[in-house]
Amino acid sequence: MADAGLPSGWEVRHSNSKNLPYFFNASSKESRWEPPEGTDVDKIKVYMAQNTRKPDGKIHAAHLLVKHRDSRRPGSWKEPTITRTKEEAIEILKGHERRIQSGEISLGDLAQTESDCSSARKNGDLGIFGKGEMQKEFEEVAFALEPGQVSGVVDTASGVHLIQR
């Protein structure tokens, strides 16, 4: 079994009733939907992308969104009114991209504090989706990524994104 990044004793199982993966500790018999404390977020994302059942033609992705004043909805959980320019948003996102590429921090960890999307509370996780469910520019890049890969800057009506499949 590939390294899922889980703490000792934990494994990924599949719920037949909910058709979703869950986490199980064989020694304590504890089961949970969220990864246990001490899980390596980057490793579990890659593992889940490569090993969980998804309906045909669907992928699992996360993102980090930086909005700007010309975004479709220029406000977020962090800032009620966003006034930065698109160019400033791109520069901010490029700084995040450098930190992720250097290994300093994962996209998920950075999304928690820096993403303007409400998915920040879930490490930027957008769940499983198929073609036609996301904005075209976002979808084209997300579907072209390999599991675990992080995109460069992606521009949509919502703002600018980094996407991790």
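This is a predicted model: local features need pLDDT of at least 70, side-chain atom pairs count only at pLDDT 80 or more; totals for chains, interfaces and linings use all residues.

Visitor: Why is Ser 151 counted as buried?

Guide: The relative accessibility of Ser 151 is 5%. Buried means under 20%, so Ser 151 counts as buried.

Visitor: And what makes Pro 21 partly exposed?

Guide: Pro 21 has a relative accessible area of 22%. The term buried requires a value under 20% and exposed a value over 50%, with partly exposed in between, so Pro 21 is partly exposed. Pro 21 is placed in strand 2. Its C-alpha atom is separated by 9.6 Å from that of Arg 32, eleven residues apart along the chain.

Visitor: How do you know that strand 1 and strand 2 pair?

Guide: Pairing requires at least two bridges between the strands. Strand 1 (residues 10-15) and strand 2 (residues 20-25) have six bridges, in the antiparallel sense, so they pair. One of the bridges joins Ser 15 to its partner Leu 20 in strand 2.

Visitor: What makes strand 2 and strand 3 a pair?

Guide: Strand 2 and strand 3 (residues 30-32) share three bridges and are antiparallel, and the requirement is at least two, so they pair. Phe 23 stands opposite Arg 32 in strand 3, and Asn 25 stands opposite Glu 30 in strand 3. The two strands form a hairpin with four residues between them, and Lys 29 in the turn has a positive phi of about 65°.

Visitor: What is the order of strands in the open sheet of four strands?

Guide: The order is 5-4-7-6, and the pairing is antiparallel. Strand 5 (125-130) and strand 6 (154-156) each have a single partner strand, so one side of each is left without a neighbour in the sheet. The twist here averages 45° from one strand to the next. Strand 6 is joined to strand 7 by three bridges, and Val 154 has His 161 in strand 7 as its bridge partner.

Visitor: Why do the buried residues of helix 3 line one face of the helix?

Guide: In helix 3 (residues 107-114), the buried residues are Leu 107, Gly 108, Leu 110 and Ala 111. Seen down the helix axis, they fall within an arc of 160°, so they line one face. They pack against helix 1 (41-51), strand 4 (58-66), helix 2 (86-101) and strand 7 (159-164). Helix 3 lies across strand 4 and strand 7, at about 45° to strand 4.

Visitor: Which residues make the contact between helix 2 and helix 3?

Guide: The axes of the two helices come within 10 Å and cross at roughly 150°. The crossing of helix 2 past helix 3 is right-handed. The contact is made by His 96, Arg 99 and Ile 100 from helix 2, and by Leu 107, Leu 110 and Glu 114 from helix 3.

Visitor: What makes the eleven residues of the largest nonpolar core a core?

Guide: To belong to a core, such residues must be buried and joined through side-chain atoms within 4.5 Å. The largest nonpolar core here consists of Ala 62, Leu 64, Val 66, Ala 89, Leu 93, Ile 100, Leu 107, Leu 110, Ala 111, Val 160 and Leu 162. At least two residues of this core come from each of strand 4, helix 2, helix 3 and strand 7. Apart from this core lies another, of nine residues, including Ala 61, Phe 129, Phe 138 and Val 154. In soluble globular proteins, nonpolar side chains tend to be buried together.

How values were computed:
Residues are numbered from 1 along each chain as its sequence is written. Side-chain values use heavy atoms; hydrogens and water are left out. Buried means under 20% relative accessible area, exposed over 50%, partly exposed in between (1.4 Å probe, protein chains only). The arc is that of the directions from the helix axis to the C-beta atoms. Contact means heavy atoms within 4.5 Å. Axes are lines fitted to C-alpha atoms, for helices over the stretch in contact, and angles run from 0 to 180 degrees between N-to-C directions. A crossing is left-handed if the near helix is turned anticlockwise from the far one by less than a right angle, and right-handed if clockwise.
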